[in-house]
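Q: I'm new to this one and would like a close look at a single part. Could you take me through it slowly and then show me what lies around it?

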Amino acid sequence: MTLALSGEEIAKQIEKKFPKSIVKSSPEGLVVDREFLLEVASYLKTARGLDFDYLTAITAVDYLDYFEVVYQLTSIKHNHSLVVKARCYGRENPSLPSVVSLWRGADFQEREIYDLFGINFEGHPNLKRIVLWAGFEGHPLRKDYLRW
Amino acid sequence: MVIKTEPFVVNFGPAHPSTHGVFRMRMTLDGEVIVDMEPVFGYLHRGIEKLAEERTYTGCIPLTDRLDYTASMTNNFAYVLAVERLAGITVPERAEYIRVIMAELQRIASHLIAVGTFLNDCGAFMTPVLYMLREREKILDLFDMVSGQRLTYNYMRVGGVSQDIPEEFIPALKKFVKEMPGWIDEYDRLLKENEILLARTKGVGILPKELAINISASGPVLRASGVKRDIRRADPYSIYDRFEFDIPTGTAGDCYDRYRVRIEEMRQSVRILKQAMEQLPKGKVRSDVPHLTHPPVGEAYGHIEAPRGELGFYLVSDNSIAPYRFHVRAPTLINLTALRDMMVGWKVADAIIIFGSIDICVAEVDR
Amino acid sequence: MEVGEVYSSERLDKTEGEQIESLKARSQQPIPDPDEWLEKELERNILLTSVDSLLDWARRSSLWPVVCFPACCAFELIATAASRFDISRFGMEIIRASPRQADLMITAGTLTWKMAPQVRRIYDQMAEPKWVIAMGACAISGGIFRSSYSVVPGYNRIIPVDVYIPGCPPRPEALLYGIRMLQQKIAKKSLAAEGR
């Protein structure tokens, strides 16, 4: 059975190493400040006992005040999982660091989030539209996208 | 004397008889050898994630059917599992067994197409496809008996399944389960030691184990590379922990291993079907849920082992009758991340085989 | 060996995007069905010459479809071509990859604006006489995806359609019935007169 690790426990562990990096934590998952995202992700991937080497999914949600990008992490070795989130504010040019250097599986998924939400991922090698065509105006999955 | 060569770019256009759907590859070739490849897709992007935000939870089930249309039952299964996790609904025993029976039948049907079209790409023009489609028609007859549809069933519901199985289903299923291993053996006998198949697929398109984990591959692609991970064992959902079955794994991660893993998985599915049929209890097939599902505020991620990989649904609810966010973790989109690495260095003819062995379904890649 | 800059994918994507936007702007009204010739023929009541009927018999009995398999209906088309429903008894078992060798396009799947210029190009490359069957709800009107931002509401915005087959997906029997209707249309029979 894949054990879903408690966000609060892991948040305590991360706070010891990177103070002020956790915005919120709950048993279901934890929210990381965007400045510390790459360091926390790298720590989660390499720390002994955590070993989150498999990125199950990345997705984004539009909560009108902010965008929240959700990372579902899994460890194949220990068979446990964790939910990490990061928020980015602003409708004009939201951006987050890209985790492609850690988990290559993020490649197409981040491009899709850029295409449909407009969130920029800094450090992505090939950030361009993937499911819609070049020249399409707007980002359809935003809540304020007008269709006709 | 050195002959000067220049690379040129060739377009494997969206409409091509070998690609499994509308998928485009821009290949840079040096003679016959591929030096670079850029996949372009989105030709079937229908905006399912946005359409789901204006439909009720039960009304999204037909949309999930059309994601990976060769495996509709497992798509439905993953989605209703996520909704039940979100709303905290339990499912009666008989419904669980019926769901497992449908999912395993669907796995066999989907792998039949995958293997058949893979062999079609290898050059065995139509013969394996016609044999595999013959078996698939028998499975589709079973599904027709249960749901009235041949391709997009819309059968599972939140809290169970939509209707009970008719009386003639179990005898027909018994007959199918008795005869299917014989047919799988027939394909194996014809193909396992075929020299052309071995020469074309052994050692071709290798996906190493570390790369497979790093790109978040799942399903037969991951298992053929040597990682023994199957969601039915790693994170058992529904009642899979009551059945005995093996997880076939490959060693080399080449096209031949991916083909063998799928054939073996069909045999294991038949094994699960036999056990599920014996243990099928009586009872209700749907728990008492309100007509409109109204989950509390929260989010849930429900995932299953679909024939093509780990299919997951991430749902966010704001206590209304429609999902606030509906996201599909598409296994084939993520499996495609390593396509370039697998193809560079091989010839054009191998490119088709490598692409066919990953077994994508463009409707799921594009959603 | 050094690959260098063989092509610029930004330029290719941009050209493709411009093509799609301009096709979208031109296709806001459906193309009328190509039925006027049929009505005029029947009104004149001219007896067909035996050469005409021979040509029509040859054309309708060996329609070769072209590959156009976007989505789910493709699997019902493949199942129709397989051994149980056997489209080959109507002369159609060869699904040509090259549009220049085909005379029938069975559009099996949803059409998106991104794919629309490619479908138009395939249709233009087919030689006359050519026919189009719109198979499935998505091909007739956009189907379940009609209100989406990227779906064309029916193939008849892009190409003229002769026969529409409803269903989602239509059963193989429905597809065979639609093919038979097309064959009767090619034979210039009046469908209304025979009580269809």
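Which residues are buried in helix 4 of chain C?

A: Before we dig in, keep in mind that this is a predicted model. In helix 4 of chain C, the buried residues are C:Cys73, C:Ala74, C:Phe75, C:Glu76, C:Leu77, C:Ile78, C:Ala79, C:Thr80 and C:Ala81. That's nine of the nine residues in the helix, so it counts as mostly covered. The cut-off behind that word is simple: a residue is buried if 20 or more other C-beta atoms lie within 10 Å of its own.

What do those buried residues pack against? Some of the partners are in chain C itself, namely strand 2 (104-108), strand 3 (131-135) and helix 7 (172-186). Another is across in chain B: helix 5 (127-147).

That brings us to the contact of chain C with chain B, which takes 34 residues from chain C and 35 residues from chain B. On the chain C side, two elements give two or more residues each: helix 4 (73-81) and helix 5 (116-125). Helix 4 of chain C gives the most, with three residues. Sort the chain C side by class and you get 22 nonpolar, eight polar and four charged residues.

Chain C also touches chain A. Here seven residues of chain A are in contact with ten residues of chain C. The chain A side of this contact divides into four nonpolar, one polar and two charged residues.

Now step back to chain C as a whole. Chain C has seven helices and four strands, and read along the sequence they follow the pattern α-α-α-β-α-β-α-β-α-β-α. Of its 196 residues, 41% count as buried. As for contacts in chain C with a separation of 6 or more, 81% come from residues 24 or more positions apart.

Chain B comes to 15 helices and eight strands, and 56% of its 367 residues count as buried. Its C-alpha trace spans about 80 × 45 × 35 Å along the principal axes. The radius of gyration of chain B is 21 Å, which agrees with the value near 21 Å that a compact globule of 367 residues would have. In chain B, residues 24 or more positions apart make up 71% of the contacts with a separation of 6 or more.

There's a helix pair in chain B to look at too. Helix 11 (residues 255-279) and helix 14 (residues 348-358) of chain B pack at an angle of about 30 degrees, with their axes 9 Å apart. That angle makes helix 11 of chain B roughly parallel to helix 14 of chain B. The crossing of helix 11 past helix 14 in chain B is left-handed. Where they meet, helix 11 of chain B brings B:Cys255, B:Arg258 and B:Tyr259, while helix 14 of chain B brings B:Ile353, B:Ile354 and B:Ser357. By class, that contact has four nonpolar, one polar and one charged residues.

One last stop is B:Arg242, in the loop between helix 10 (231-234) and helix 11 of chain B. B:Arg242 counts as partly exposed because it has 14 C-beta neighbours inside 10 Å. From B:Arg242 to B:Ile213 is 29 residues in sequence and 28 Å in space, C-alpha to C-alpha.

Definitions and conventions
Residues numbered from 1 in each chain as written. Chains lettered and ligands numbered in written order. Predicted model: local features only at pLDDT ≥ 70, side-chain atom pairs only at ≥ 80, totals over all residues. Contact = placed C-beta atoms within 7 Å. Nonpolar A, V, L, I, M, F, W, Y, C, P; charged D, E, K, R; others polar. Buried ≥ 20, exposed ≤ 12 C-beta atoms within 10 Å, placed from the backbone. Axes fitted to C-alpha atoms, helices over the stretch in contact; angles between N-to-C directions. Parallel < 35°, antiparallel > 145°, perpendicular 65-115°, else oblique. Left-handed = near helix turned anticlockwise from the far one by under 90°. Rg over C-alpha atoms; globule rule 2.2 N^0.38 Å.
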